Amino acid sequence: MYLTLSTRHSPATDLGYLLRKNPQRPQSFPLTFGRAHVFYPEADEHRCTVALLVEIDPVGLVRTRRGPSGEGGLLDQYVNDRPYAASSFLSVALAEVFGTALSGSDSKDRPGLMAQALPFEVVVPALPCRGGEPILRQLFEPLGYQVTCQRLPLDAQFPEWGESSLFRVTLSTTVPLPLLLSHLYVLLPVLDNDKHYWVGDDEVAKLLRHGEGWLANHPARELIARRYLKHRRSLFAEALAQLIQDDGEDPNTEAETQAAEEATVERALSLHEQRLETVLTHLKAHGAKSVLDLGCGEGRLLRRLLQDRQFERILGLDVSHQALEAAAERLHLDRLPEAKRQRIQLLHGSLMYRDERLSGFEAAAVVEVIEHLDPPRLAAFERVLFEAARPALVVLTTPNREYNATWESLPAGQFRHRDHRFEWTRAEFEQWCATIAARFRYAVQRHPVGPEDPLLGAPTQLAVFTLLDSQQVTLHPASPE
Ligand code: SAH
């Protein structure tokens, strides 16, 4: 089974940078169910096409019991169309091989291009479409795709045998590459509707994550969720509840959908990337070897930390179980070599409470977290971090509210994210930093992050706190609460 992805963006060979796959060099990757091959049938300035070819090992699948079992009998398990028909396997391969692009992580060689809408054409020569052409259109057209498809005969030499359930499908659109890949990742198995072997509880998290920003508003979201989750009612109900933003029920879920909104507002700048790189630069510059990532979310900073051997001990903490699951997946925790696995730990917990396990780290990163805390609780957090955990270095970021006025997509007076409890002006942040520094005996320096507006400043404000002396501070009364 295979698909091709082409672009006429100029220069078209930029596709290689976005996918992190060199057009000059065919590559192969082992998968649990076979092998994936990536190569470029054409690559020049005007048009570049990458092909993802997935070889399935149907016998291996049966032997290792990874494949679907039961229905159809033994013969059916060995003799089937899996090697040819695009299916959930293609989707898994896509995530494995183009994972960096799927996650939206910017390309160093082509900064900003990942977030840019580019003209793409995807061809899947043999796509099983249960429900036929209407379903195909129902899934892709609301997302802005032009769909052409042609039903394939069962065997071209024997037209009297009739049609197969397979289609040759061409999808054209102009979107950022990560969005295109997330559409394919979710919708290919939905079309196939065969038994994928991987449906487990974490599929809900995967569906929501890859559907971020588009699934909740898709007119066929129920069908998509039901089929993606293979009609497993309990999972389906869970996903649906989250998609319809069951307000107030589950803060974790809210955080997920709202993160998508925040991402849209900030996408133009790829601000988050810039923020993480800046935080990393400060951590590196101070020579920190052990780092806390407090409110680590889906692990975007953790991944960078893990890639750098300077960081020998890394701990990510978050209150959202779902975010941690996504982080574990992003980091491939279950597949890391032992030495690397030893360097990182994920912890489910809240920044509101003292936790012994946060002590003994040289540095802490707190990226876009404090604005999610209720102001009265901020005081508890301050003590948990600056008094109890007390790392020598704290790198913290938060939005600059003044900058919001420059965003056309953000209605005046609104925060960037519905879960933000506050957003500070530069003066407010400066005041807070000074109070913290004096109270807990840290030095502090503030830096703008992102493009600076002459009047309104930069979109993100960053503070670097460095411990002045390592004595314990005991404060009383406890906090202004
Ligand atoms: N630092 C990450 C995530 C920022 S979003 C990044 O930059 O990508 C804010 C994160 O803070 C969310 O993952 C949310 O679950 C977490 N969070 C909010 N309140 C928290 C609390 N009380 N304790 C720990 N984490 C919290």
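**Notes on the predicted model**

1. Helix 9, which spans residues 221-228, is mostly covered, with 6 of its 8 residues buried. The structure discussed here and in every point below is a predicted model. The buried positions of helix 9 are Arg221, Leu223, Ile224, Ala225, Arg227 and Tyr228.

2. Arg227 deserves a separate remark. This residue belongs to helix 9 and is classed as buried because its relative accessibility is 6%, under the 20% limit. The side chain of Arg227 makes a polar contact with the backbone oxygen of Arg130, at 2.9 Å.

3. The ligand site comes next. The ligand is surrounded by 15 residues, and the closest of them are His272, Gly295, Asp318, Leu351 and Val367. By residue class, this shell comprises 6 nonpolar, 7 polar and 2 charged residues.

4. Which atoms of the ligand lie 2.9 Å or 3.3 Å from polar atoms of the protein? An oxygen atom of the ligand is 2.9 Å from an N or O atom in the side chain of His272. A nitrogen atom of the ligand lies 2.9 Å from a backbone N or O atom of Leu351, and a nitrogen atom of the ligand is 3.3 Å from a polar backbone atom of Val319. Of the 570 Å² of accessible area that the ligand has on its own, the protein covers 85%.

5. Salt bridges are taken up in this point and the two that follow. Over the whole structure, a search finds 23 of them. One of these pairs is Arg47 with Glu42, whose closest N and O atoms are 2.7 Å apart. Arg47 counts as buried because its relative accessibility is 18%, under the limit of 20%. Glu42, at a relative accessible area of 31%, is partly exposed.

6. Arg304 and Glu273 form another salt bridge, with the closest N and O atoms 2.6 Å apart. This pair links distant parts of the chain: Arg304 is in helix 13 (residues 300-307) and Glu273 is in helix 12 (residues 271-285), 31 residues apart. Arg304 is buried, with a relative accessible area of 10%, and Glu273 is buried as well, with a value of 15%.

7. A further salt bridge joins Arg439 to Glu382, the closest N and O atoms being 3.1 Å apart. Here too distant parts of the chain are linked, since Arg439 lies in helix 17 (residues 426-440) and Glu382 in helix 16 (residues 375-389), 57 residues apart. Arg439 is partly exposed, at a relative accessible area of 23%, whereas Glu382 is buried, at 7%.

8. Phe158 is placed in the loop between strand 6 (146-153) and strand 7 (163-175). With a relative accessibility of 32%, Phe158 counts as partly exposed.

9. Asp453 occupies the loop between strand 13 (442-449) and strand 14 (460-467) and is partly exposed, at 24% relative accessibility. Asp453 and Tyr403 are 50 residues apart in sequence, and their C-alpha atoms are 7.6 Å apart in space.

10. Most residues other than glycine have a negative phi, and most peptide bonds are trans. A cis peptide bond joins Ser10 and Pro11, with omega about -5 degrees. Pro11 is found in the loop between strand 1 (2-7) and helix 1 (14-19).

11. Where is Glu368, a residue other than glycine with a positive phi? Glu368 sits in the loop between strand 11 (363-367) and helix 16, and its phi is near 55 degrees. This residue is buried, at 9% relative accessibility.

12. Arg390, which is not a glycine, has a positive phi of about 50 degrees. The residue is located in the loop between helix 16 and strand 12 (393-399). Arg390 is buried because its relative accessible area, 8%, is under the 20% limit.

Methods. Residues are numbered from 1 along each chain as its sequence is written. This is a predicted model: local features need pLDDT of at least 70, side-chain atom pairs count only at pLDDT 80 or more; totals for chains, interfaces and linings use all residues. Side-chain values use heavy atoms; hydrogens and water are left out. A residue is near a molecule or strand if one of its heavy atoms lies within 4 Å of it. A polar contact is a pair of N or O atoms within 3.5 Å; within protein, one must be able to donate a hydrogen and the other to accept it, and residues adjacent in sequence count only if both atoms are side-chain atoms. Accessible areas come from the Shrake-Rupley method with a 1.4 Å probe; for residues, only the protein chains shown count as cover. Ala, Val, Leu, Ile, Met, Phe, Trp, Tyr, Cys and Pro count as nonpolar, Asp, Glu, Lys and Arg as charged, and the others, Gly among them, as polar. Helices (H or I, at least four residues) and strands (E, at least two) are DSSP runs, numbered from the N terminus. Buried means under 20% relative accessible area, exposed over 50%, partly exposed in between (1.4 Å probe, protein chains only). A salt bridge is a side-chain nitrogen of Lys or Arg within 4 Å of a carboxyl oxygen of Asp or Glu.
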